[in-house]
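I opened this model to look up a few local features. My notes follow in the order I took them.

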Amino acid sequence: YALYLSCGSDVINNIDAYIEFAKSTKINAFVVDIKDNETPAFPAKTFENLSPSNYSKAINSYDDYKNAISKLKENGFYVIGRITTFKDSLYVKDHPDDAIIDKYSNSPYLHNGSYWPSAYNRNVWYYTLALAMESVKEFGFNEINFDYVRFPDRMNSVMSSLDLKNTYEEDKAEAIQRFVQYVTDGLHDLNTYVSIDVFGESTTNSYVTAYGQYWPAISNIADAISGMPYPD
């Protein structure tokens, strides 16, 4: 039973209230953001080295964030760090060549107000795993949860105008599967569990989604998967 916390400073600096509430319920775990799109939780060394824009926008100080995670662990909660993966406008600002590109403007493709690093791009894989491993080593997360482990949705009508930077000529499902293998291998070396979030339709086990999530290809790699049902 988990409670999800954003990394807003009003949340991180009020952690005692969330702990008190959780103890009055069945809640035994917390999911806490490490990085949401344009919302980095703390000034990670990975950001400093690989995404200065994320580093400069860190919401909390290192010490405030560490204090919050430490209190959760000291109170006996299982703590999961959440990373928004292939949706990172600040990383794209620093590395436009790693993004999905609009061929007509030769600039990063803007999808629903955000820029997306390509899930084919190995630089993005390295950056993501580096951030996850740093977070585990520094704060002791029991599990890392990867969200947006996919290509953008609703792109069929514009695919011909996009360069996805498919260097190795992979299917989308291959790229997503290999990314999950890559981060899982790295985090298992730190005795840390890996979970990923997928759209609910991915759980049907019947087809590869247009954004690359294919249940048989990832369900035997990650330790846990959250299928997200949307009422619409």
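I started with Ser51. Ser51 counts as buried because its relative accessibility is 0%; buried means under 20% relative accessible area, exposed over 50%, and partly exposed in between, with a 1.4 Å probe and protein chains only. I placed Ser51 in the loop between α3 (45-50) and α4 (52-56). Helices here are DSSP runs of H or I with at least four residues, strands are runs of E with at least two, and both are numbered from the N terminus.

A note on the source. This is a predicted model, where local features need pLDDT of at least 70 and side-chain atom pairs count only at pLDDT 80 or more, while totals for chains, interfaces and linings use all residues. Residues are numbered from 1 along each chain as its sequence is written, and side-chain values use heavy atoms, with hydrogens and water left out.

Which residues does Ser51 contact, leaving aside neighbours within four places in sequence? I found Thr46, Leu90, Tyr91, Asp94 and Tyr127. Contact means heavy atoms within 4.5 Å.

Next I checked Asn75, in the loop between α5 and β4 (78-84). Asn75 has 32% relative accessibility, so I logged Asn75 as partly exposed. Not counting residues up to four places away in sequence, Asn75 touches Ile19 and Lys23. I also took the C-alpha to C-alpha distance from Asn75 to Glu134: 22 Å in space, for 59 residues in sequence.

Then helix α2 (residues 15-23) against helix α5 (residues 62-74). The two pack at an angle of about 20°, with their axes 10 Å apart. Axes are lines fitted to C-alpha atoms, for helices over the stretch in contact, and angles run from 0 to 180 degrees between N-to-C directions. α2 and α5 are therefore roughly parallel; angles under 35 degrees count as that, over 145 as roughly antiparallel, 65 to 115 as roughly perpendicular and the rest as oblique. α2 passes α5 in a right-handed crossing, meaning that the near helix is turned clockwise from the far one by less than a right angle. On the α2 side I listed Ile15, Asp16 and Ile19, which meet Ala68, Lys71 and Leu72 in α5.

At what angle do α7 and α8 pack? For helix α7 (residues 122-139) and helix α8 (residues 172-188) I noted about 30°, with the axes 10 Å apart. The crossing of α7 past α8 is right-handed. Contact residues include Trp125, Leu129 and Met133 of α7 and Phe179, Tyr182 and Val183 of α8.

Last, the strands. Ala2 has Ala29 of β2 as bridge partner.

I also traced an open sheet of three strands, in the order β6-β5-β10 with antiparallel pairing. Two strands pair if DSSP finds at least two bridges between them. β6 (107-108) and β10 (162-163) stand at the edges with a single partner strand each, so one side of each lacks a neighbour in the sheet. Two bridges join β5 (residues 101-102) to β6. Ile101 has Pro108 of β6 as bridge partner.
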